[in-house]
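Please keep the sequence and the 3D view open while reading.

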Amino acid sequence: MDNIGDESIGVREHGFEKYGAEGLIASSVGLGWSGLSGALRTHGRGVIEYQGALSQAEICVAICPSNSLVTRLTGGVVDRTIAERGTIWLSPPGPREVLLDIAAPLPEILHMYLPAGHFSAESLGVDIDHAAHASLRYQRSFQDPLVAEIAFAIVSEMRTQTAGGRLLAETLAVSLAARLVHSHSGLSPDLDLEQLSHQGLDRRRLTRVREYIDANLEGGNLTIARLAKVASLSQFHFARAFKAAVCNSPH
């Protein structure tokens, strides 16, 4: 997305600074993704300490089941959980002092990074403050089937790249941001994201989008942000409305 920034900043700056290079299985660096970056890691038994400021939201998801007890201490809150498949840890942007105690090796944890631009009114299409990302709640580990499915799809694409990988990552990034704002923030938007997401593109918008795709398919210039502007919709609502209209995701 044009205004989201460098697609790999989360992996390069936060991921390696916080966890180092050891245990890296796969990452989105070099894949040309925009608006979302990811790193699939294995974590050994031990303690990880980090003190610094996150400019992006970090969402960690356990991809494989494990009997490992993970203890996370940050902001005076202690969270202890068994890292089952689909277990999620959310770290909002901002200054953060974190201590992680991993009792047994974690075979596969996906670390996803979302820039603040995804939490804007332009991206989500609801009347929210530009600092909406600051309202994300730090909370204990949780389960969320939609967030987990997004993580599984990201891992699959990192392992086996497809022709539509860039658009897929952008679509998933928008959906992930919308889900976090809808279910895991302190905001109460006037408009329901879930209800609006089921409205399909009207014929006029769909025609404009199809014509733009036909004209730019060979140039590699197709992004969710550009297509959403053609349709005069937010990125989140465009992705959902396009799928509702043609029964296929944009990618």
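Rings of Phe, Tyr and Trp (its six-membered ring) pair if their centres lie within 6.5 Å. By that rule, a search of the whole structure turns up zero aromatic pairs. The model is predicted, and the points below describe its overall make-up and then a few of its residues.

**Overall make-up**
- The secondary structure of the protein consists of eight helices and ten strands.
- The protein has 251 residues, and buried residues account for 52% of them.
- Of the contacts between residues at least 6 apart in sequence, 76% connect residues at least 24 apart.
- The protein exposes about 11300 Å², and 49% of that area is supplied by carbon and sulfur atoms.

**Arg 85 and the ring of Phe 152**
- Although aromatic pairs number zero, the ring of Phe 152 has the charged end of Arg 85 over it.
- The distance from that charged end to the ring centre is 3.9 Å.

**Cysteines**
- How many disulfides does the structure hold? The structure holds zero.
- Cys 60 has a relative accessible area of 9%, so Cys 60 counts as buried, the cut-off being under 20%.
- Cys 64 has a relative accessible area of 25% and is partly exposed.
- The loop between strand 4 (57–62) and strand 5 (69–74) contains Cys 64.
- Beyond its neighbours within four places in sequence, Cys 64 is in contact with Ala 83, Arg 85, Pro 107 and Glu 108.

**Asp 144**
- Asp 144 lies in the loop between strand 10 (142–143) and helix 3 (145–159).
- Is Asp 144 buried or exposed? With a relative accessible area of 3%, Asp 144 is buried.
- Which residues does Asp 144 touch, leaving aside its neighbours within four places in sequence? They are Ile 88, Arg 179 and His 184.
- With Arg 179 there is also a polar contact of 3.0 Å, which joins the side chain of Asp 144 to that of Arg 179.

**Arg 140**
- Arg 140 is placed in the loop between helix 2 (121–124) and strand 10.
- The relative accessible area of Arg 140 is 48%, so Arg 140 counts as partly exposed; exposed would require over 50%.
- Apart from its neighbours within four places in sequence, Arg 140 is in contact with Val 77, Val 78 and Asp 79.
- A polar atom of the Arg 140 side chain lies 3.4 Å from the backbone oxygen of Val 78.
- Arg 140 and Ile 88 are separated by 52 residues in sequence, while their C-alpha atoms are 8.7 Å apart in space.

**Ala 148**
- Ala 148 belongs to helix 3.
- Ala 148 is buried, and its relative accessible area is 7%.
- Once its neighbours within four places in sequence are set aside, Ala 148 is in contact with Val 61, Gly 86 and Ile 88.
- Ile 88 is also among the contacts of Asp 144.
- Between Ala 148 and Arg 85 there is a separation of 63 residues in sequence and of 8.6 Å in space, C-alpha to C-alpha.
- Arg 85 has its charged end over the ring of Phe 152, and Arg 85 is also in contact with Cys 64.

Definitions and conventions:
Residues numbered from 1 in each chain as written. Predicted model: local features only at pLDDT ≥ 70, side-chain atom pairs only at ≥ 80, totals over all residues. Heavy atoms only, no water. Phe/Tyr/Trp six-rings, centres within 6.5 Å; stacked < 30°, edge-to-face > 60°. Lys NZ or Arg CZ within 6 Å of the ring centre and 35° of its normal. Disulfide = S-S within 2.5 Å. Buried < 20%, exposed > 50% of the residue type's maximum accessible area, 1.4 Å probe, protein only. Helix = DSSP H or I, 4+ residues; strand = E, 2+ residues; numbered from the N terminus. Contact = heavy atoms within 4.5 Å. Areas by Shrake-Rupley, 256 points an atom, 1.4 Å probe, with all protein chains shown as cover. Polar contact = N/O pair within 3.5 Å; in protein donor to acceptor, adjacent residues only side chain to side chain.
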